[in-house]
Amino acid sequence: MARFGLWMVVGVLLALLLGGITTMLLPRLTGDSSIVDSASSTIEASGAETDADDPALPDDVLLGHFPYDEALDSTLEPLTADGSIRLRESAAERMIELLEAARRDNIQLELLSGFRSVEDQTTIFFDRKAERRQRAVERASVSAPPGYSEHHTGYAIDVGDAREPDTHLIEAFEDTDAFEWMEENAARFGFELSFPRNNPQGVSYEPWHWRFVGDRHSLETFYKSRNIRPELPDRPLVPPSERP
Ligand SMILES: [Zn+2]
């Protein structure tokens, strides 16, 4: 009997240990990539849990992302000849000026993704078959659950360095001339980085993802996400009880 009790204790300890390890190994939320594989079936549950635990984020936030309305087709302007990349008119105008300014400074920016409908996002986010057929770059461009992507607004754009396509949509983009140029100049055209390192939303760092905040409507659109208390720590990877 005593031996049985001992094994019970060992078993419980093991379970606790494994539980702790699992928690620590849980993938960090990424804005643009890794949640696609693992989280699509459990977003609802885990999102509700994490957000309820985080007093600083409003109730309607899912996995650190805010809900956004989809821009109407009539408000969008094409930025590429084939019309595949579009932004709201105000943002598109400023983006064209930005691209020209960059070119004058010998920087070749490449536009990778602009407006995405909720339907686009649903397909990319949930369709596993489609996922397998997608190139890595396309998969990585998925940033948020459907309904929660800044790309829905028509104000968000992913940019890359045309001379360094290997860095498209990955963190290494921050080492390119294009990123350096954006950091120094994007604000002049009304663009800002949505998810800087350690952003209070807890979305992973995305040096390629910029949003337009250069007019009243865009500012209103992003008001909530721009006004989370900046002193918040990074989203916890371990439960509060286990934090030092
Ligand atoms: Zn993006």
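**Exercise 1.** Which exposed residues does the face of α8 turned away from its buried side carry?

*Solution.* Note that this is a predicted model. Start with the location: helix α8 spans residues 177-185. Next, find its buried residues: A178, F179 and M182. These cover an arc of only 95° around the axis, so they sit on the same side of α8. The general rule: an α-helix has 3.6 residues a turn, so residues three or four places apart point the same way. Now turn to the face away from the buried side. E183 and E184 are the exposed residues there.

**Exercise 2.** Find what the buried residues of α8 pack against.

*Solution.* Look for strands. The buried residues of α8 pack against β3 (109-113), β4 (156-161) and β6 (209-212).

**Exercise 3.** Locate the buried residues of helix α5 and decide how they are arranged around the axis.

*Solution.* Helix α5 runs over residues 118-126. Its residues Q121, I124 and F125 are buried. They span an arc of only 95° around the axis, which means that they share the same side of α5.

**Exercise 4.** Classify R94 as buried, partly exposed or exposed, then list its contacts beyond four places in sequence.

*Solution.* Count next. Now the contacts. With neighbours within four places set aside, R94 touches F189, G190, F212 and G214. Finally, check one distance. R94 and F191 are 97 residues apart along the chain, and their C-alpha atoms are separated by 8.7 Å.

Key:
Residues numbered from 1 in each chain as written. Predicted model: local features only at pLDDT ≥ 70, side-chain atom pairs only at ≥ 80, totals over all residues. Contact = placed C-beta atoms within 7 Å. Buried ≥ 20, exposed ≤ 12 C-beta atoms within 10 Å, placed from the backbone. Helix = DSSP H or I, 4+ residues; strand = E, 2+ residues; numbered from the N terminus. Arc of directions from axis to C-beta.
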